[in-house]
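Please look over the sequence and the structure below before reading on.

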Amino acid sequence: MINTALVSWKAFGPIVPEMFLVCIGLFLIGLDVFAPKRREFLPWLTVIGCLAALLMVAGEKDIVGFGGMIICDSYAAFFKVICLIGVILTALMSEHFRRTEGLNQGEYYSLMVFSAVGMLLMASAGDLMVLYLGLELMALSIYCLVGMPRNDGRSAEAAMKYLLMGGFASAILLYGISIVYGLTGTTNISQIAKFTVSGNLLHNPALLAGLGLMLAAFCFKVAIAPFHFWTPDVYDGAPTAITAFMSVGPKAAGFAVFGRVLLTGFPQFHDQWGILLASLALLTMAIGNITALSQTSIKRMLAYSAVAHAGYSLLGVLSGTAEGLSATMTYLLTYGFMNMGAFAILVLLASPGNRRESLEDYKGLAKTNPMAAFLMLIFMFSLTGIPPTAGFVGKFYLLKAAFGAGYTMTVIGLVIFSSISAFFYLRVVRYMYMSDPQENISLDFTPGISAALGIALLGVLGIGLLPGSVIGQAATALLGQ
Amino acid sequence: MIPLSWYMSLAAILFAIGVCGFLTRRNLIMMFLSIELMLNAVNLNMVAISHYLESMRGQVFTFFIITVAAAEAAIGLGIAITLYRSRKTVHVDEVNQLKG
């Protein structure tokens with residue numbers, strides 16, 4: 001007689017939002033297949049589904065599920081909120097984007113939702129196994145999304161580059177994990193920290209090598225130099241809405257993993273990884289900002305700016321303190337809003353057959369479309385870090401955290417490189433306001449894009465004018481209730 | 001019994017061959033195969049360690065890696081086909097529209 005253990009549904013509590021999103025994703029495919037005439041509802045359904053998941057995440061209590069594999073704490077919840085906001089804004093943008101690019105398929109939205117599930121799992125991963133699975137679920141969905149426009153050779157090239165580099169990075173991550181597993185005998189992140197102390201592994205070179213391999217793979221995922229080479233090409237070739245999505249969600253999820261693994265799994269090695277990440281952050285800021293100077297395509301410029309901003313965000317992680325991590329979390333939320341806003345303007349300006357991605361296309365935009373130009377001005381100011389926008393607040397807290405932890409050189413680097421970045425962000429503003437229009441662009445403010453721009457503007461100005469509330473949220477997320 | 005270090009050395013050699021293949025080959029399919037070789041080196045490592053430590057985690061992990069690798073190969077070949085349709089090549093040096 002075999003005793004069958006009854007499945008306790010309570011055990012699934014920690015992954016209810018993820019399971020809900022999987023159902024939404026399947027429903028979207030189903031709707032696409034059985035009601036192809038109702039495709040205009042797909043983006044709105046995605047938004048509603050993600051909003052519901054957002055509420056579930058916000059209402060979650062601190063629980064650890066599946067024997068420590070899934071950790072639902074406020075740290076994870078904060079990152080989940082960033083990722084879900086990213087999906088919501090992308091879906092709203094896509095509602096406009098499908099009119100110009102014709103990406104109508106249901107898979108588009110369901111893949112987006114599936115990659116969101118991967119990000120949520122990454123944010124709450126308590127075990128390297130869950131971390132890997134979440135990472136791959138996120139990455140595989142995004143490879144497909146990048147290669148979605150089947151007739152466009154550029155996006156196929158971008159998808160190929162992303163897949164090759166992504167596959168290589170995950171193989172390196174796995175090799176690092178296998179070394180760590182061999183030395184500590186566990187894949188549970190918090191257990192690893194215990195075993196490194198009890199097993200006297202603090203000066204073990206093999207463990208350091210394993211950690212180094214894992215760090216290299218994470219750096220790849222969030223586009224930290226020298227692992228950033230895929231970023232400009234992939235961001236440039238992907239459909240614009242997907243580029244916006246890639247620059248926010250996966251980055252936030254990557255930093256969630258960064259923080260969790262380094263601060264929970266390897267806190268004793270802070271002396272080693274702190275200085276390593278400090279030099280990588282400097283290198284990333286230098287490469288991102290200096291290469292962005294010479295770009296003529298605004299999409300490519302934003303890709304290099306994404307590299308630079310990954311470098312800024314690293315400042316909070318490398319300080320290794322709760323304060324630093326909360327600064328990174330705030331910065332990623334801020335970056336989500338301002339970058340999504342800038343990409344929404346790109347999506348808005350594109351028309352069928354003419355993507356208007358070059359800087360020249362922005363000449364005189366203020367005369368033909370003052371509203372779009374003004375919004376772009378705010379997002380560019382925020383990306384530069386000019387008060388009273390959110391970008392300033394975010395950078396300020398990052399500087400404070402890194403300075404407090406004693407990384408003075410990196411702080412000086414950030415200040416220098418962000419003043420260099422003012423050149424190429426404000427060049428867009430100069431083109432818009434101080435040049436004569438090339439052509440009369442008539443813009444179509446559809447409900448989707450208007451909503452996306454509105455939310456992004458609210459986020460940028462809201463965090464900029466009332467910084468305390470968000471920082472407070474991020475701080476309580478780390479320091480406990 | 002074969003000592004653990006032999007397995008781990010074999011895995012390290014396989015992984016190194018995979019890395020070299022990935023960096024030197026320029027055919028998309030060969031690059032995918034090199035990644036598969038790297039993943040299989042990891043699998044070997046995981047299973048050997050799991051057996052040696054008598055812990056199940058490594059073996060469970062291996063199953064997940066195999067599954068994900070299959071999914072990745074499917075997507076990779078799909079992308080290779082789209083690329084071939086638009087460019088008539090799978091040689092990565094000739095796929096260079098995006099640069100700057």
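Directly after helix α3 of chain B, Lys88(B) adopts a positive phi of about 60°. Helices (H or I, at least four residues) are DSSP runs, numbered from the N terminus. The model is a predicted one, in which local features need pLDDT of at least 70 and side-chain atom pairs count only at pLDDT 80 or more, while totals for chains, interfaces and linings use all residues. Residues are numbered from 1 along each chain as its sequence is written, and chains are lettered from A and ligands numbered from 1 in the order in which they are written.

**Helix α3 of chain B and its ends**

Lys88(B) is not a glycine, although its phi is positive. Its place is in the segment after α3 of chain B. With 8 C-beta neighbours inside 10 Å, Lys88(B) counts as exposed; a residue is exposed if 12 or fewer other C-beta atoms lie within 10 Å of its own, buried if there are 20 or more, and partly exposed in between, with C-beta atoms placed from the backbone. Glu54(B), also a residue other than glycine, has a positive phi near 55°. Glu54(B) is found in the loop between α2 and α3 of chain B, and it is exposed, with 7 other C-beta atoms within 10 Å.

Helix α3(B) itself covers residues 57-87. Its 31 residues should span 45 Å at 1.5 Å a residue, and the end C-alpha atoms are 44 Å apart, which agrees. The expected span is 1.5 Å times one less than the number of residues. Buried residues in α3(B) include Gly58(B), Phe61(B), Ile65(B), Glu72(B) and Leu83(B).

**Where the chains meet**

In total, 34 residues of chain A are in contact with 33 residues of chain B; two residues are in contact if their C-beta atoms, placed from the backbone, lie within 7 Å. On the side of chain A that touches chain B, α5, α6 and α9 (230-237) of chain A each supply at least two residues. The largest share, 17 residues, comes from α6(A). By class, this side of chain A has 17 nonpolar, 10 polar and 7 charged residues. Here Ala, Val, Leu, Ile, Met, Phe, Trp, Tyr, Cys and Pro count as nonpolar, Asp, Glu, Lys and Arg as charged, and the others, Gly among them, as polar.

Thr187(A) lies in the loop between α6 and α7 (189-198) of chain A. Is Thr187(A) buried or exposed? With 25 C-beta neighbours inside 10 Å, Thr187(A) counts as buried. Leaving aside neighbours within four places in sequence, its contacts include Asp127(A), Tyr181(A), Arg57(B) and Phe61(B).

**Helices of chain A**

Helix α4(A), residues 106-123, has 18 residues that should span 26 Å at 1.5 Å a residue, and its end C-alpha atoms are 26 Å apart, which agrees. Of these 18 residues, 17 are buried, so α4(A) is largely enclosed by the rest of the structure.

Two packed helices are described by the angle between their axes and the distance between the axes. Axes are lines fitted to C-alpha atoms, for helices over the stretch in contact, and angles run from 0 to 180 degrees between N-to-C directions.

| Helix pair | Angle | Axis distance |
|---|---|---|
| α2(A) (42-58) and α3(A) (74-101) | about 170° | 9 Å |
| α16(A) (390-404) and α17(A) (408-434) | roughly 155° | within 8 Å |

α2(A) and α3(A) are therefore roughly antiparallel (angles over 145 degrees). Their contact divides into 15 nonpolar, 2 polar and 2 charged residues. Among the residues that meet are Leu51(A) and Leu54(A) in α2(A) and Val81(A) and Ile88(A) in α3(A).

α16(A) and α17(A) are likewise roughly antiparallel to each other. Their contact is made by residues including Leu399(A) and Phe403(A) of α16(A) and Val411(A) and Leu414(A) of α17(A). By class, this contact has 5 nonpolar, 3 polar and 1 charged residues.

**Cis peptide bonds**

A cis peptide bond joins Ala225(A) and Pro226(A), with omega about 0°. Pro226(A) belongs to the loop between α8 (205-221) and α9 of chain A. The peptide bond from Pro387(A) to Pro388(A) is cis, with omega near 5°. Pro388(A) lies in the loop between α15 (370-384) and α16 of chain A.

How values were computed. Parallel < 35°, antiparallel > 145°, perpendicular 65-115°, else oblique.
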